[in-house]
Amino acid sequence: MENSWHQLKPRTGFLVRLADRLTDQSWQTLTQLYQPIVGPSAAGLYSALFWLPKRGEYQRHATLLGLLGMDLAHFYEARLRLEATGLLTTKVKTSGELTSFVYELQAPLAPADFFRDDLLSVQLLGVIGEEAYRTLVAVNTVKPETASDEQDITKNFLDVFHVDGQELNRLPAAITATREDLPNDDAAPALTPTSHEDFDFKLLGEILEHSFIDTKALRSYRQLLLTEHATYNLDEVTMARYVGDATDLATNQFDPEQFKRVIAQDFSRQHRGQPAATSPTTTQPTGERLSSAEQTLITVASKSVPALFLQGIKQKNGGFVTDGEQRIVRDLVSRQLFPDAVLNLMIYHVLVDEERPTLNKNLMDTIANDWSKSKVTTPQLAIKKIRERQQAAQQPRQSRRRQSTVKETLPDWAKKPAAKPSATQAKLSEQQQKQLQARIAKLQAHSNDGKEA
């Protein structure tokens with residue numbers, strides 16, 4: 001999978017499989033909940049793969065690109081978004097010199113499961129805002145209403161059907177055999193990030209033990225707590241305070257959305273106007289040895305979590321951290337692809353080296369994919385990738401300068417004559433000077449004849 005981008009060409013073959021059954025609810029969820037996150041191009045790719053004629057047979061990517069009206073680069077980016085959100089599983093198959101892909105379409109999560117997923121819900125909230133998010137929750141979740149004067153008289157299965165107890169104790173062979181072939185519930189790709197070893201959940205539980213908070217109910221939000229810890233470097237005491245702020249005193253219910261909002265707002269308020277941590281300007285060295293500026297940069301990047309590091313750079317440049325940038329950083333942190341120091345160097349490279357005013361998601365995803373494929377796991381390797389990127393960026397400019405020099409070299413007959421004859425003649429050979437003087441004399445003679453007439 002790591003080399004799939006280099007293997008992917010218009011003539012490369014692929015086929016499509018369905019890992020789940022898609023219903024009308026699946027398409028509604030895809031449009032309302034997933035599309036704001038993955039974008040219309042990725043949603044269109046999902047639909048095209050599903051409705052592709054003869055999808056179970058090998059076809060060339062050129063056919064799919066023609067249907068979508070996009071090039072390989074945009075197709076690859078859309079495919080990654082589907083993979084990241086669990087809608088697509090990609091497998092590569094190599095036989096000799098031939099490479100092919102298998103795209104397995106996963107059904108979108110049920111709306112309730114979607115809203116319970118920390119990564120998907122955080123991303124959707126950041127894209128559409130709180131008001132629209134609450135509306136989608138209300139539209140996509142059904143809560144049965146029961147009046148006080150209604151009595152439930154629904155019969156259960158055994159009230160209606162007769163079942164032999166011996167058959168339940170010894171299930172028929174047809175049932176047991178087919179159950180073994182059923183897919184497991186964990187076949188779909190998982191989205192939750194790995195845990196951080198430096199966060200002590202036992203200590204957090206001890207802090208909350210004597211409070212009104214239900215610690216058992218809080219266990220289902222373990223991944224959310226880890227994501228916020230990794231993004232903002234929250235210790236156990238601070239985390240306990242935020243959990244308390246997001247728990248309703250009347251109902252004793254923990255509100256995960258309120259939890260995210262409180263942390264983001266508190267972080268922005270605490271670090272607004274604080275002096276930014278100084279960081280050196282990187283150079284463009286060609287050797288492998290780190291310069292003193294790079295060593296200092298690595299030291300600074302290793303001591304800060306991404307949110308604080310980003311805040312420091314923006315304040316130093318006179319800017320501020322946007323909501324979109326917070327979402328980009330949180331998304332990268334939750335994926336657990338890089339250590340914090342490596343992610344900080346990626347942020348520094350985009351904002352300082354490339355002098356971009358804000359973090360761009362497409363650019364950050366491109367760099368992250370490149371670094372992940374290259375297994376960049378240390379800040380030293382990150383510096384090396386930054387050097388390679390800077391050197392590659394210089395090559396096209398040098399090539400363009402060489403091309404412009406060639407275009408300016410014109411043949412003698414295409415050059416305009418200079419205003420001063422002496423300057424022009426100095427550039428001509430002796431024979432060319434004689435020819436030019438003869439032409440001038442001829443023109444003067446012709447002009448005098450016209451005046452006399």
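Student: How many helices and how many strands make up the secondary structure of the protein?
Tutor: This is a predicted model, and the protein it describes has 453 residues, of which 36% count as buried. Among contacts between residues at least 6 apart in sequence, 71% join residues at least 24 apart. The secondary structure of the protein comes to 24 helices and four strands.

Student: Which average pLDDT does the protein have, and where does pLDDT stay under 50?
Tutor: The average pLDDT of the protein is 76, and 73% of the residues score at least 70. Where pLDDT is low, the predicted coordinates should not be read in detail.

Student: Are helices α2 and α3 parallel or oblique to each other?
Tutor: Helix α2 covers residues 24-38 and helix α3 covers residues 40-51, and the two pack with their axes 7 Å apart at an angle of about 140°. Roughly antiparallel would require an angle over 145 degrees. The arrangement of α2 relative to α3 is therefore oblique.

Student: Which residues make the contact of α2 with α3, and how many of them are charged?
Tutor: On the α2 side the contact is made by Trp27, Leu30, Gln35 and Val38, while α3 contributes Pro40, Ala42, Ala43, Tyr46, Ser47, Phe50 and Trp51. Sorted by class, nine of these residues are nonpolar and two are polar, and the number of charged residues is none.

Student: What angle do α3 and α5 make, and which residues of α5 meet α3?
Tutor: The axes of α3 and α5 lie 8 Å apart and the helices pack at an angle of about 80°, so α3 and α5 are roughly perpendicular to each other. By class, their contact has six nonpolar, one polar and two charged residues. From α3 come Ser41, Ala42, Leu45 and Tyr46, and the residues of α5 that they meet are Phe75, Ala78, Arg79, Arg81 and Leu82.

Student: How many residues does helix α5 have, and what is the phi of Gly86, which follows α5?
Tutor: Helix α5 runs over residues 72-84, and its 13 residues reach 18 Å from the first C-alpha to the last, close to the 18 Å expected at 1.5 Å a residue. Its buried residues include Leu72, Phe75, Tyr76 and Glu83. α5 is followed by Gly86, whose phi is positive, near 80°.

Student: Is Arg81 buried or exposed, and which residues does Arg81 touch?
Tutor: Arg81 has its place in helix α5. Because its relative accessibility is 17%, Arg81 counts as buried, the cut-off for that class being under 20%. Leaving out residues up to four places away in sequence, the residues that Arg81 touches are Ile37, Val38, Ala42, Lys361, Asn362 and Asp365.

Student: Which residues does Phe267 touch, and how far is its C-alpha from that of Gln311?
Tutor: Phe267 lies in helix α16, residues 256-271, and Phe267 is buried because its relative accessible area is 6%. Not counting residues up to four places away in sequence, Phe267 touches Tyr232, Ala307, Leu308 and Gln311. Although Phe267 and Gln311 are 44 residues apart along the chain, their C-alpha atoms are separated by 9.8 Å.

Student: Where does Glu355 lie, is Glu355 buried or exposed, and what is its phi?
Tutor: Glu355 lies in the loop between α20 (340-353) and α21 (361-373), and with a relative accessible area of 69% Glu355 is exposed. Most residues other than glycine have a negative phi. The phi of Glu355 is instead positive, near 55°.

Student: Where does Lys375 lie, and what is its phi?
Tutor: The loop between α21 and α22 (379-408) holds Lys375. Lys375 is a residue other than glycine with a positive phi, and the value is near 55°.

Terms used:
Residues numbered from 1 in each chain as written. Predicted model: local features only at pLDDT ≥ 70, side-chain atom pairs only at ≥ 80, totals over all residues. Heavy atoms only, no water. Expected span 1.5 Å × (residues − 1). Buried < 20%, exposed > 50% of the residue type's maximum accessible area, 1.4 Å probe, protein only. pLDDT = per-residue confidence, 0-100. Axes fitted to C-alpha atoms, helices over the stretch in contact; angles between N-to-C directions. Parallel < 35°, antiparallel > 145°, perpendicular 65-115°, else oblique. Contact = heavy atoms within 4.5 Å. Nonpolar A, V, L, I, M, F, W, Y, C, P; charged D, E, K, R; others polar.
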